[in-house]
Amino acid sequence: MTDIKTLIIVAVSRNGVIGRDGDMPWRLSTDLKRFKALSMGKPLLMGRKTFESVGSKPLPGRPHVIVSRSATVDMPGVEMAATVDEALARAKALARETGADAICIAGGGEIYRQTIALADELHVTHVETDLDGDTHFPAIDPEIFELVEETAVPSGDKDNYPTRYAIYRRRAGR
Ligand SMILES: NC(=O)c1ccc[n+]([C@@H]2O[C@H](COP(=O)([O-])OP(=O)(O)OC[C@H]3O[C@@H](n4cnc5c(N)ncnc54)[C@H](OP(=O)(O)O)[C@@H]3O)[C@@H](O)[C@H]2O)c1
């Protein structure tokens with residue numbers, strides 16, 4: 001059986017902020033397009049609060065697994081999981097069923113904290129600014145994750161800030 005990769009996808013400010021008041025503290029159209037291209041066709045795993053932040057409806061073309069201890073969502077393309085382990089297992093099963101080679105963990109802070117230890121790759125949009133916020137991404141340990149690709153992305157018409165797109169891969173044996 002082919003192994004399904006676990007990708008974390010996140011946009012994070014220089015000082016580690018990923019969210020404020022239930023939303024993201026920036027507008028980055030270029031990054032949303034990249035998120036869409038990378039995640040299309042792959043199961044998306046996210047916390048209940050992040051699902052609400054995207055309008056409580058699934059993003060097209062990607063099966064969703066939402067983690068919540070008690071919430072129920074009954075709509076096509078959305079499955080609920082009561083634990084992070086159950087969500088990971090279900091997302092990987094969906095990937096196998098649909099022929100996807102990876103699952104994407106799409107946040108938010110609570111879910112990133114509980115899954116970074118088992119992610120194979122981190123796809124990180126470094127937002128080139130310091131910002132106030134209430135939700136953070138954990139520090140990326142260079143002994144565990146190796147930077148394998150990095151691209152500077154200038155700020156486009158619909159972007160608040162320039163960004164730097166980086167891919168980190170788990171080092172062998174870590
Ligand atoms: N910058 C980015 O790339 C990015 C990406 C995604 C989100 N965000 C931002 O992050 C913020 C949301 O993050 P957040 O940390 O507040 O919330 P979250 O991680 O999206 O969701 C938290 C919820 O997930 C459920 N949950 C968490 N751990 C669980 C577990 N072990 N078992 C069962 N359920 C569990 C709980 O739902 P119940 O309360 O229903 O039990 C919990 O309240 C927003 O500001 C959003 O805009 C930023």
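Predicted model: local features only at pLDDT ≥ 70, side-chain atom pairs only at ≥ 80, totals over all residues.
Student: Is Asp31 buried or exposed?
Tutor: Asp31 lies in helix 1. Its relative accessible area is 12%, and the cut-off for buried is under 20%. Asp31 is therefore buried.

Student: With which side chain does the side chain of Asp31 make a polar contact?
Tutor: Leaving aside neighbours within four places in sequence, Asp31 is in contact with Ala11 and Thr125. The polar contact between side chains, at 2.5 Å, is with Thr125.

Student: How many cavities of 30 Å³ or more does a search of the whole structure find?
Tutor: Rolling a probe the size of a water molecule over the atoms shows where empty space is left. The largest cavity holds about 50 Å³ of space. The second largest cavity holds about 30 Å³. With the cut-off at 30 Å³ or more, the search finds 2 cavities.

Student: Which element gives the largest share of the lining of the largest cavity?
Tutor: The lining consists of Ile9, Asp31, Arg34, Phe35, Leu38, Thr125 and Tyr165. By type, these residues divide into 4 nonpolar, 1 polar and 2 charged. The largest share, 4 residues, comes from helix 1.

Student: How many charged residues are in the lining of the second largest cavity?
Tutor: This cavity is lined by Leu28, Thr30, Asp31, Arg34, Val153, Pro154, Asp159, Tyr161 and Thr163. Helix 1 gives the largest share, 3 residues. The lining has 4 nonpolar and 2 polar residues, and the number of charged residues is 3.

Student: Which element gives the most to the lining of the largest pocket?
Tutor: The largest pocket has a volume of about 1300 Å³. Of the 46 residues that line this pocket, Thr50, Ser53, Ala106, Gly107 and Gly108 are the closest to its centre. Elements giving two or more residues to the lining include strand 1 (5-13), helix 2 (48-53) and helix 4 (109-115). The most, 6 residues, comes from helix 4.

Student: Which residues come nearest to the ligand?
Tutor: There are 29 residues around the ligand. Polar backbone atoms lie 3.1 Å from a ligand oxygen atom at Asp23 and 3.0 Å from one at Gly109. Those that come nearest, however, are Arg48, Thr50, Ser68, Arg69 and Gln114.

Student: How far apart in space are Ile18 and Gly107, C-alpha to C-alpha?
Tutor: Ile18 is found in strand 2 and is buried, with a relative accessible area of 8%. In sequence, Ile18 and Gly107 are 89 residues apart. In space their C-alpha atoms are apart by 9.2 Å.

Student: What is omega for the peptide bond from Gly107 to Gly108?
Tutor: Most residues other than glycine have a negative phi, and most peptide bonds are trans. The bond from Gly107 to Gly108 is cis. Gly108 lies in the loop between strand 6 and helix 4. The omega of this bond is near -5 degrees.

Student: What is phi of Asp21, which is not a glycine?
Tutor: Asp21 lies in the loop between strand 2 and helix 1. At 69% relative accessibility, Asp21 counts as exposed. Its phi is positive, at about 50 degrees.

Student: What is phi of Ser56?
Tutor: Ser56 is found in the loop between helix 2 and strand 4 (64-67). With a relative accessible area of 32%, Ser56 is partly exposed. Phi of Ser56 is positive, and its value is near 55 degrees.

Notes. Residues numbered from 1 in each chain as written. Heavy atoms only, no water. Buried < 20%, exposed > 50% of the residue type's maximum accessible area, 1.4 Å probe, protein only. Polar contact = N/O pair within 3.5 Å; in protein donor to acceptor, adjacent residues only side chain to side chain. Contact = heavy atoms within 4.5 Å. 1 Å grid on protein atoms, 1.4 Å probe; cavity = no way out; pocket = protein on both sides within 12 Å on 5 of 7 lines; lining within 4 Å. Points joined across faces, edges and corners; volume = space filled by probe spheres on them. Nonpolar A, V, L, I, M, F, W, Y, C, P; charged D, E, K, R; others polar. Near = heavy atom within 4 Å.
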